[in-house]
Amino acid sequence: MFDALTDRLGGILDRLTRRGALTEADVAEAMREVRRALLEADVALEVARDFIDRVKARAVGVDVVKSVTPGQMVVKIVHDELVKTLGSEAQGISLAASAPVPILMVGLQGSGKTTSTAKIGRRLTTREKRKVLMASLDTRRPAAMEQLAMLGEQTGVATLPIVPGQTAVQIAKRAMEAGRLGGYDVVLLDTAGRTTIDEALMAEVVEVKRAVSPHEVLLVADALTGQDAVVTARAFDGALGVTGIVLTRLDGDGRGGAALSMRAVTGKPIKLVGVGEKFDAVDEFDPQRIANRILGQGDVVALVEKAAAAIDAEQAQKAAERMRKGQFDLNDLKEQLCQMQKLGGMSGIMSLMPGVANLKKQMAGANIDESVFKRQAAIIDSMTKAERRNPDLLKASRKKRVAAGSGAKVEDVNKLLKMHRQMADMMKMMGKGAKSGRGPLAGL
Ligand code: GDP
């Protein structure tokens with residue numbers, strides 16, 4: 001899977017990580033190479049371009065975490081943006097509807113539609129313990145109906161008995177009726193495929209869709225056809241509205257162009273991938289795992305993540321130590337406010353403090369939101385360095401200036417200083433409490 005692309009990208013990124021320092025020109029050159037590699041892998045031009053732009057924008061002036069080289073940071077950024085391009089989160093088939101849940105399988109002939117229907121039937125039966133009924137709506141090719149019946153026997157999934165002479169819509173309705181009467185959870189409807197998209201085919205599928213209101217419309221596309229698969233997906237989506245994509249033959253796909261462009265071009269998630277001819281050769285499409293596979297740089301990504309986490313913890317530890325010693329000044333408060341903003345609430349440094357659960361409750365009760373954190377940080381920014389270290393220096397006239405400088409009122413400045421005083425006092429007490437084990441808040 002993706003071997004050719006992985007080789008190319010691996011070479012480019014390895015060269016980056018081996019270097020100590022990187023100039024902007026180095027990054028630009030590497031990104032030119034990445035872009036070329038993506039285009040050779042048959043990734044859609046606009047997807048490749050957008051991807052490179054995003055990586056470059058993030059890579060310029062990025063903070064390099066200790067123990068990590070700039071090159072490694074760039075690899076991490078490439079990885080993150082790749083995950084985004086692939087769709088960020090894994091999305092499986094949804095069955096959140098009343099039973100029997102109709103799922104419509106559509107796609108061109110030869111894309112692997114019937115095989116995928118059987119694979120999904122088996123997966124839902126064995127993994128999710130659902131009772132599944134499969135039906136072929138291919139009225140023009142009796143062989144297709146027989147193929148599904150045979151796959152049903154091999155996988156142990158029930159199929160709708162074949163009744164010659166019925167239209168696709170009639171079969172679909174009969175399948176839903178049988179699904180209801182038989183107590184099935186899911187009804188998989190395998191529609192007729194064609195070698196190319198034609199109007200008659202689309203009209204028939206649209207009619208079936210109207211008749212059964214499927215919960216999922218899954219387009220099956222062959223990864224080996226590259227951009228053709230993406231174009232097909234767009235056409236089906238335009239005519240029919242699909243809810244997800246099943247990308248087959250990923251096992252033989254060295255390039256990865258379809259997998260990489262599908263989500264960005266169609267806006268629809270790849271839900272499952274076919275990775276072989278056997279019935280269990282179907283996987284969830286997990287952007288994280290696929291990105292790791294394409295880049296082959298899992299180690300570097302893990303290293304950067306760990307280093308970034310360690311740095312935060314290190315800073316937190318130092319700040320907590322200062323607090324314990326009663327040295328909690330406005331610089332520390334600002335750092336806290338930024339942390340809270342970043343983390344969306346009370347955590348980080350605070351969680352290292354003893355008795356913090358109580359403080360958290362108080363803060364939550366005070367209904368502090370992100371904009372408040374931002375405003376308070378702005379007030380601190382307007383103070384001089386000396387004032388931040390020693391707030392007692394702030395007399396009335398300076399408070400007025402600070403308020404004006406940060407677009408706040410003197411009252412806001414006073415509130416902030418009061419909050420700081422209370423927090424500093426509380427931390428001093430908690431610090432003592434932690435040492436002796438008998439402080440006023442130690443038992444909380
Ligand atoms: P349909 O015409 O779209 O229904 O296509 P079929 O389901 O009959 O599949 C056509 C061929 O592709 C069969 O030989 C399948 O075994 C094969 N096939 C389907 N999915 C995959 C896959 O994910 N990997 C591989 N290697 N072969 C597949």
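Predicted model: local features only at pLDDT ≥ 70, side-chain atom pairs only at ≥ 80, totals over all residues.
G244 sits in strand β6.

Which residues does G244 touch, leaving aside those up to four places away in sequence? They are Q91, E216, L218, K268, P269 and K271. K268 is 24 residues from G244 along the chain. Even so, the C-alpha atoms of G244 and K268 are 5.5 Å apart.

## The chain overall

The chain has 444 residues, and 42% of them count as buried. Its secondary structure comes to 18 helices and 8 strands. Take the contacts between residues at least 6 apart in sequence: 75% of these join residues at least 24 apart.

## The sheet

The sheet is open and has 8 strands. Their order is β3-β2-β4-β1-β5-β6-β7-β8, and the pairing is mixed. β3 (158–159) and β8 (282–284) stand at the edges. Each has a single partner strand, so one side of each is left without a neighbour in the sheet.

Strand β2 (residues 132–136) runs parallel to β3, and 2 bridges join them. L133 has A158 in β3 as its bridge partner.

Helix α5 (residues 113–126) lies across several strands: β1 (101–107), β2, β4 (186–190), β5 (216–222), β6 (244–248), β7 (270–274) and β8. The helix runs at about 170 degrees to β4.

## Strand β5

Is β5 mostly covered or mostly exposed? It is mostly covered: 7 of its 7 residues are buried. In a regular strand, side chains alternate between the two faces of the sheet. In β5, E216, L218, V220 and D222 point one way. V217, L219 and A221 point the other way. Residues of both sets are buried.

β5 pairs with β1 and with β6. The β1 pairing is parallel and has 5 bridges. There, L104 has V217 in β5 as its bridge partner. The pairing of β5 with β6 is also in the parallel sense, over 5 bridges. V220 stands opposite V246 in β6.

## The nonpolar cores

The largest nonpolar core holds 95 residues. L189 and L247 touch the most other members. Helix α4 (residues 70–86) gives the most to this core, with 7 residues. Why does this core lie between domain 1 (3–88) and domain 2 (101–285)? Both domains give residues to it.

Another core lies apart from the largest one. That core has 11 residues, including L330, F373, I379 and M383.

## A recorded segment

UniProt, in an unreviewed entry, lists residues 269–282 for "domain: SRP54-type proteins GTP-binding". Over this stretch the chain is 0% helix and 43% strand. The end C-alpha atoms of the stretch are 16 Å apart.

Note on methods. Residues numbered from 1 in each chain as written. Core = buried A, V, L, I, M, F, W, Y, C linked by C-beta atoms within 7 Å. Buried ≥ 20, exposed ≤ 12 C-beta atoms within 10 Å, placed from the backbone. Helix = DSSP H or I, 4+ residues; strand = E, 2+ residues; numbered from the N terminus. Domains from an automatic or database assignment. Pairing = 2+ DSSP bridges. Contact = placed C-beta atoms within 7 Å. Axes fitted to C-alpha atoms, helices over the stretch in contact; angles between N-to-C directions. UniProt positions renumbered as here; feature names shortened; annotations may be inferred.
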